[in-house]
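User: I am new to this structure and would like to learn how its features are read, one at a time. Please show it to me and then take me through them.

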Amino acid sequence: MGSREVRGRRRRKNQPAMVVGFLLLALSMATQFVEVKANVTYDSKAIVINGQRRILISGSIHYPRSVPEMWPDLIKKAKDGGLDVIQTYVFWNGHEPSPGVYYFEGRYDLVQFIKLVQQAGMYVNLRIGPYVCAEWNFGGFPVWLKYVPGISFRTDNEPFKAAMEKFTTKIVDMMKSEQLFEWQGGPIILSQIENEFGPLEWDQGGPAKAYASWAASLALRQNTGVPWIMCKEEDAPDPIIDTCNGFYCDYFSPNKPYKPIMWTEAWTAWYTAFGTPVPHRPVQDMAFAVAKFIQKGGSFINYYMYHGGTNFGRTAGGPFIATSYDYDAPIDEFGLLRQPKWGHLKDLHKAIKLCEPALVSADPIITSLGPKQQVSVFKSNSGSCAAFLSNYDTNSYAKLAFNNMHYDLPPWSISILPDCQTTVFNTARVGAQTTQMRMDSVGSFNWQSYNEEINSADDVAFSTDGLLEQVNVTRDNTDYLWYTTYVDIDQSEQFLVNGKNPSLTVMSAGHSLHVFINGQLAGTVYGSIENPKLTYNGNIKMRTGTNTISILSVSVGLPNVGEHFETWNAGVLGPVTLNGLNEGKRDLTWQKWTYQIGLKGEALSLHSLTGSSSVEWSEASSSFSQSQPLTWYKAFFNAPGGDEPLAVDMSGMGKGQVWVNGQSVGRYWPGYKVLGKNCPVCNYAGFYNETKCQSHCGDSAQNWYHVPRSWLNPTGNLMVIFEEWGGDPTTISLVKRTVDKVCAYVSEWQPSFKNLATKDYEIPKVHLFCENNKKIASIKFASYGNPNGVCGSYVEGTCHARKSYNAFQKNCVGQQFCSVNVSPKVFGGDPCPGTMKSVAVEATCA
């Protein structure tokens, strides 16, 4: 995942001789580099596994964004959702935190993750990169790489290429030694080198093109025995496949006609950033985009993300990327199904798989059926036939005539007919249940506090003339860097008499800073995801004699997308000036500054049990409700019963970090409110972008922070918080994520069938399901007729069957799962003959 930049593809005319030449080159490369006969190949139609063309449905799950205890359930839910493949990046900075020192344990146990995918009977697309973007800190590059002499990132630069080759080879050799490539009996069927490099080629020209060619050759030299891909890289040399990323990819064609059409990132929404609304993508449009891609001839689709997870610790990039990486994915951040997105896409995948014999055998024949309507038909020599009926009108239903039959299509929708006759799925008609979640408090905390020192200096503090770039000093081992200088004020200064305090101006490359004058907070400023740079301007109180100016500069994740990573800056770079003195303006930029890396509490490891025991903490008092910046808090708590996912509610706090039993939950920032009070109404129809459908306007982008249950002991768990701004810790609570209600709205015209080959159709059904071993406790609403509204606010229409509740009371209450036919006889008769009817139901789980 990276920049949204999408540019038109240059179409190439390939002469037959050129095609033959490229094929011979590909064959030569395969013969030269692959010692074992590969079981995975490709042609113009699809990836070929063991001689069989496959339509492959994939989903991104990033192993470090969840915990190992969650992996089996996430993978199972992905498979149950109709996925064939799990796609993941490989996170270089997590695996090589310092040069030559490798880490593959805990959340970074890549081999274990891949083996769990294999045990589930699924494949893996391993995106080695090793640049990942992914809204991950520094794009996945280790920060130490920035300080390799002579390095220049992602270009024709020998130091960078040497480091990249070493790590890439390390990962490939590890996969081989564990027998994880498909030809070894493992699940890896695809690998990726680099990531979204095409836009940089347009900017850099020759050196970038040379680097891209080198990266491709590096990949081929690895002898993986499976195809390599390069996403958003239209110059990907043979035999590497270039692929598409985006909200839609039906426009895309690979750079050679003998390569399959692949969509490596179908964005299920967009990332969450502090200070911005939270994006959502309607499942009707997501399904529409996928169906549109398949009807174009696409054969590989990967949802980015299928489970987004959490940016634990300081792994979030950006800057300003939130700790939640939920991405409005089919499986939410906490590992629960997001309905109806998961269920509707599962139904889509079933429909696509029914079409597979025709899809992999023929190119589509496209016929116009109206100004904004068309049909794409796939026919194989063996007699298989599949059709996709499309209505691109964003406002009006369409009645389409095809194969001597008529089909009604909602706006902005595609119907799938696996036999060219029977509609088994329509992208806009959602039959899957809707699940609404809630966060229930399961406990508060008894806090103790410890005040961070403003002007502490340890053995690693140093002084020098002028201002230093933050990351060069901290090496990103902490978010925090103190800049301290001293200003002498003569008693003759006029502001001491007239009360017109001088103004301090501090210019910073980002991302946030706090200004203290003589130990007192003078002000706080911060940038934004659009503009991380910031300027502090404020009148400050100074006294006769020596005054101390202390600036705490705070980073909020390093950038993850772009070029020249080695040049990116953070921190106070100046100028820093003092205005309103007798002399006018005094430039403080080049005077002596003292630098203290990190906080005293970090040096003492206050987030750990041992470290937190090394200092005296103040007992709880009413003063906690007062704003107190730079304060540490700790509390002990017991793990709540049950198996529901847990989070800590930080909505009453400002900005900081939180730890549980020494594990970093991540950064929190509820104090950064989203501008605007009301988000616009969202309509699924029409082209989607990340600003179209949003929530949290006027609120914080994130209030709940995931605490994995596997981090907890039954009793005596330690939570530690560092609060920068001064929120109210008495408002903090531990919450569990649980199902509030499950709903469904199913019409009599909802596609439903048992066996397409035998034309065994069935009456549409309402399906209800409670997760986490909960059972349906009550029916809050039920109506068969023409009910209106949405989940949580259904109302009866003018047509309503008097026994609408009875079937659900009988079949569902007390069950974890139930099905009820949408049929008049089930609800005591037809309440309005001659009218197409629907069922709306709302139930609770307990």
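User: Which residue stands opposite Val48 in β3?

Analyst: Strands and helices here are DSSP runs, numbered from the N terminus, with at least two residues (E) for a strand and at least four (H or I) for a helix. In this case Val48 stands opposite Arg53 in β3, and strand β2 (residues 47–49) is joined to β3 by three bridges, the two running antiparallel. Two strands count as paired if DSSP finds at least two bridges between them. Please keep in mind that this is a predicted model, in which local features need pLDDT of at least 70 and side-chain atom pairs count only at pLDDT 80 or more, while totals for chains, interfaces and linings use all residues. Residues are numbered from 1 along each chain as its sequence is written, and side-chain values use heavy atoms, with hydrogens and water left out.

User: What is the strand order of the open sheet, and which strands are its edges?

Analyst: The open sheet has three strands in the order β1-β2-β3, with antiparallel pairing. Its edge strands are β1 (40–42) and β3 (52–54), each of which pairs on one side only. On average, neighbouring strands of this sheet are turned by 40° against each other, direction ignored; the axes behind such angles are lines fitted to C-alpha atoms, for helices over the stretch in contact, and angles run from 0 to 180 degrees between N-to-C directions.

User: Which strands close into a barrel?

Analyst: Eight strands do, in the order β4-β5-β6-β7-β8-β9-β10-β12, and their pairing is parallel. From one strand to the next, the twist averages 30°. As an example of the pairing, strand β7 (residues 188–193) and strand β8 (residues 228–231) run parallel and are joined by two bridges, with Ser191 standing opposite Trp228 in β8.

User: Which strands does α2 touch where it packs on the sheet?

Analyst: Contact means heavy atoms within 4.5 Å. Helix α2 touches β4 (56–61), β5 (85–89) and β12 (300–307), and its direction makes about 140° with that of β12. Helix α9 (residues 341–359) also packs on the sheet, touching β4 and β12, and its direction makes about 165° with that of β12.

User: How is a pair of packed helices described?

Analyst: Two packed helices are described by the angle between their axes and the distance between the axes. The axes of helix α2 (residues 71–80) and helix α4 (residues 110–119) come within 10 Å and cross at roughly 40°, and the two are therefore oblique to each other. By the rule used here, angles under 35 degrees count as roughly parallel, over 145 as roughly antiparallel, 65 to 115 as roughly perpendicular and the rest as oblique. The crossing of α2 past α4 is right-handed, a term for a near helix turned clockwise from the far one by less than a right angle, with anticlockwise giving left-handed. Trp71, Pro72 and Ile75 of α2 make the contact with Gln112, Phe113, Leu116 and Val117 of α4.

User: At what angle do helix α5 and helix α7 cross?

Analyst: The axes of helix α5 (residues 158–177) and helix α7 (residues 206–221) cross at roughly 25° and come within 11 Å, which makes α5 roughly parallel to α7. Their crossing is right-handed. Phe160, Lys161, Met164, Glu165 and Thr168 in α5 meet Tyr211, Trp214, Ala215, Leu218 and Arg221 in α7.

User: How many helices and strands are there in the protein chain?

Analyst: The protein chain has 14 helices and 45 strands.
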